[in-house]
Amino acid sequence: MPAITSLDHRIPGLQERGVDSGESVPVPGVANDIALPLKAFQALAAVNSSTMLCNGRSDICDLRYNQTYPATHNSAAYDLQYDCSLATNTCLQSTTVCKAQAQNCTMGYEIRCTQMSNTCMKVLPNWLHWLCGAFSSACEATDQFCLGWEDICTSSLDVCTLWGSACPGVVPAWALPCLWENQPDHNISQQLSDGIRFLDLGTCSTNNNTQLVMCHGYGAQRAIGYPLDNILSQILQFLLANPYEVLTIEFNEYDGPAAAVSAIVVQKVLQYFTLPDGQLLMYGRVGLSDPWPTLRQMILANQRLMIFMSDMYYSVPAPVPNWLNMKDWWKQDGFGYTSLDTQPAQLNQSYFDWCTQGPPNDGSFVRWQQIDMNLGILPADIIATLKQGQVPQICIEPLAIETNSALLDSLADFCYTRWPYWFRVRVNDYWQGNVFQVASLFNDRNVARVKSGDTITPY
């Protein structure tokens, strides 16, 4: 690998800080305790051997990439803040609603006055029609009320500005960790250090769709977190320091124009995961019929990052890079058939029904299955609780505690043999429960199947 002389295409000012000295350099936009280990650039090459560890195990090195990964749901949903700015702007945009209401009001009066005038003329003899005309004039004059309504409505929007300044203090401290934060107090570096190997990232556009931040939720109700740069910096640091680890990033939920969000994602991935010699850390496949690589192949090629994207994939500017994969072509999200579940018993029933059904037998491609231990929180339940002045009991953490241990174990045991390929086990509050044990058990079974002659997956 050539000498490292410049990383300034990603991190401005890095060159002036002594690249060759091997010092750790703080990464702009990242928490102060995160630094980019420069020496890792010179130690990226993995050494092939029969005892080589791939994601901590030697027995899965020659299995294809799509084995089972411990994953977090909304991985960057921590240290969130309610998007008060967007809420205020959304409120202010309702001036257009005021105008529309005034126009509808005026139109309604005109129609009603005309109809009443016509009725008047039908009832009264011709010589009294002047009364109908007078009535019509008086009636239509009341549309001044409609015009006045626009002024009344618009002036009330001062409340929007008041809300904007009060918003940060109004949102109670329990609300964000209860309703929005899926991995509170556990940043990306911590998750990777603990063993998470699949990251699910939700993004929202800001600053007129020119920047991306991590978020959970949509529109005026969304909660936002760190810039995407912060998250990718942490991932880069981990990859550079751990040359035998393979990671997966899925850009899943998003809020903003798909074309803008997807374009920024592609640009940022290239910015952070292109090495100084031009090599990409992302693994790219030539075509859809290409076999998925083994973990050993990815590690020795130093292309240890697999990228998936939700339906915004279809908005990626052409040409779509070959390292970008559309998730729904290959994977079946558990959330697709559990999205209405709000209780552990419902989640259990949904997986029981799905796994009992099993894969189609018509010869079609069987997508990789995923256990997603996530329960919905009904807004109606939240509102009812808040009206009573109480903190909702249906919060992310207690639900995770209920689902991440015995229930997860039970579903894993029941479902593994009923579908051919289990790719991911994804949870909230991953440190609560057995996500690592279940993923490891699935990989034990994957290895045993390969040794018995089963290729695990045709692709």
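This is a predicted model: local features need pLDDT of at least 70, side-chain atom pairs count only at pLDDT 80 or more; totals for chains, interfaces and linings use all residues.
Visitor: Take F198 and F423. Why is that pair called edge-to-face?
Guide: Their ring planes stand at 80° to each other, so the pair is edge-to-face, given that planes over 60 degrees apart fall in that class. The ring centres of F198 and F423 are 5.7 Å apart.

Visitor: And which parts of the chain does that pair tie together?
Guide: F198 belongs to strand β5, residues 198–206, and F423 belongs to strand β13, residues 422–427. The pair therefore ties together parts that lie 225 residues apart in sequence.

Visitor: Is F198 buried or exposed? What about F423?
Guide: F198 is buried, at a relative accessible area of 0%. F423 is buried as well, at 1%.

Visitor: Let us move to Y313 and Y314. What kind of pair do they form?
Guide: Y313 and Y314 form an edge-to-face aromatic pair, with 5.8 Å from centre to centre and 90° between the planes.

Visitor: Are those two buried or exposed?
Guide: Y313 has 12% relative accessibility and counts as buried, whereas Y314 is exposed, with a relative accessible area of 54%.

Visitor: Back to F198. Which cluster does it belong to?
Guide: F198 is part of one aromatic cluster, formed with Y65, Y69, W292, F308, W330, F365, W368 and F423.

Visitor: New topic: which residue lies over the face of F308?
Guide: That residue is K331, at 5.5 Å from the ring centre of F308.

Visitor: And over F414?
Guide: R418 lies over the face of F414, at 3.8 Å from the ring centre.

Methods
Residues are numbered from 1 along each chain as its sequence is written. Side-chain values use heavy atoms; hydrogens and water are left out. Rings of Phe, Tyr and Trp (its six-membered ring) pair if their centres lie within 6.5 Å; planes under 30 degrees apart count as stacked, over 60 as edge-to-face and the rest as tilted. Helices (H or I, at least four residues) and strands (E, at least two) are DSSP runs, numbered from the N terminus. Buried means under 20% relative accessible area, exposed over 50%, partly exposed in between (1.4 Å probe, protein chains only). A charge sits over a ring if NZ of Lys or CZ of Arg is within 6 Å of the ring centre and within 35 degrees of the ring normal.
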